[in-house]
Amino acid sequence: MDTNQSMRPTLLMAVALLAASCSGDSGAAPSPSSTSTTTTSTTTTSTTTTSTTTTSTTSTTTTTSTTITTTVPESACGGSGALPELAENHSLAGGDVNGDGDIDTIHTYSIGDPSLAGAWWLQVSFANGGGASQQLLDPGTSLAGARPFDGFDINGNGKDEFFARVGAGASTSEFGLFEVVDCTIHRIALDGQPSVFTAGASVNFVSGFECVDIDANGANDFLIVYTGSRLGETDEFEITAAQYFVLDGMVTFMLADGIGGNINDPDFAKFASAGCPGVTL
């Protein structure tokens, strides 16, 4: 037997087996060797952080305190300025006695029996509050009582001085001259004593005073005091005119002149009168 003929069936079978094996594949061409490649997929996750910045605005309110200071001229005087409850026989006048531009009230009144010494008082009630008072101890006050008169500036110092009746005689009235210094009533001195000016007349005597504005500037420059006596049984009087000025709480003597007067002269009345603004007998 031929060798080639005996191997043909065997070869055909091998081919058939090989075909059958290939038919079970996915159709890819067979590779003599198979290489397995592992691919690692790395997924990178990128995280983005968003930072939000919040700006906080603080509102500050500033409060400014303003202090207003009001100055009240010369109102540091104590008391209420009201009259005592027991005050009687009240009289009043007015004047700017502390120089603040306001009119203050000047009072006189009695407490108790008005005929007794020391019963009469002088008081100032200041327009801007407070007051001052002074007891009147003049002997004649108990006879006629006291009475204030409106103030006026007798010496140009910017404040009003004022007269008050402080007594009386048989035919004359007596007056004191006053001023206010540091909330206190001061009686202006005459010849070193509390001032007393008399005005009136009798058969044989005259006395009086007047305020004189020589330069006509609205301020009284001098205070002239008249005293006179009758010459015998005639109508003639010998009169002395003493001239004073008021300064620093005193009536200061300047000079005196002797003058004549006749009771029939129309100007004679001034020798027996109170000739200062607002003052009457």
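Asp138 is buried, its relative accessible area being 13%, where buried means under 20%, exposed over 50% and partly exposed in between (1.4 Å probe, protein chains only). The model is predicted, so local features need pLDDT of at least 70 and side-chain atom pairs count only at pLDDT 80 or more, while totals for chains, interfaces and linings use all residues. Residues are numbered from 1 along each chain as its sequence is written, and side-chain values use heavy atoms, with hydrogens and water left out.

**Salt bridges**

A salt bridge is a side-chain nitrogen of Lys or Arg within 4 Å of a carboxyl oxygen of Asp or Glu. By this rule, 3 salt bridges are counted, as listed below.

| Pair | Closest N to O distance |
|---|---|
| Lys270 and Glu210 | 3.9 Å |
| Asp235 and Arg230 | 3.8 Å |

Helices (H or I, at least four residues) and strands (E, at least two) are DSSP runs, numbered from the N terminus. Arg187 is buried, with a relative accessible area of 18%.

Lys270 forms its salt bridge with Glu210. This pair also links distant parts of the chain, 60 residues apart, with Lys270 in the loop between strand 15 and strand 16 (274-275) and Glu210 in strand 12 (residues 205-212). Lys270 counts as partly exposed because its relative accessibility is 38%, whereas Glu210, at 18%, counts as buried.

In the pair of Asp235 and Arg230, Asp235 is partly exposed at 32%, and Arg230 is partly exposed at 22%.

**A buried aspartate without a salt bridge**

Asp104 lies in strand 2 (residues 104-110). Asp104 is buried yet has no salt bridge, and the nearest side chain of opposite charge, Lys159, is 9.6 Å away. Lys and Arg count as positive and Asp and Glu as negative; His and the chain ends are not counted. The side chain of Asp104 does reach the backbone nitrogen of Val97, at 3.1 Å.

Asp182 is found in the loop between strand 7 (172-181) and strand 8 (184-187). Asp182 counts as exposed because its relative accessibility is 64%. Leu255, in strand 15 (residues 250-262), is partly exposed, with a relative accessible area of 38%.

Terms used. Polar contact = N/O pair within 3.5 Å; in protein donor to acceptor, adjacent residues only side chain to side chain.
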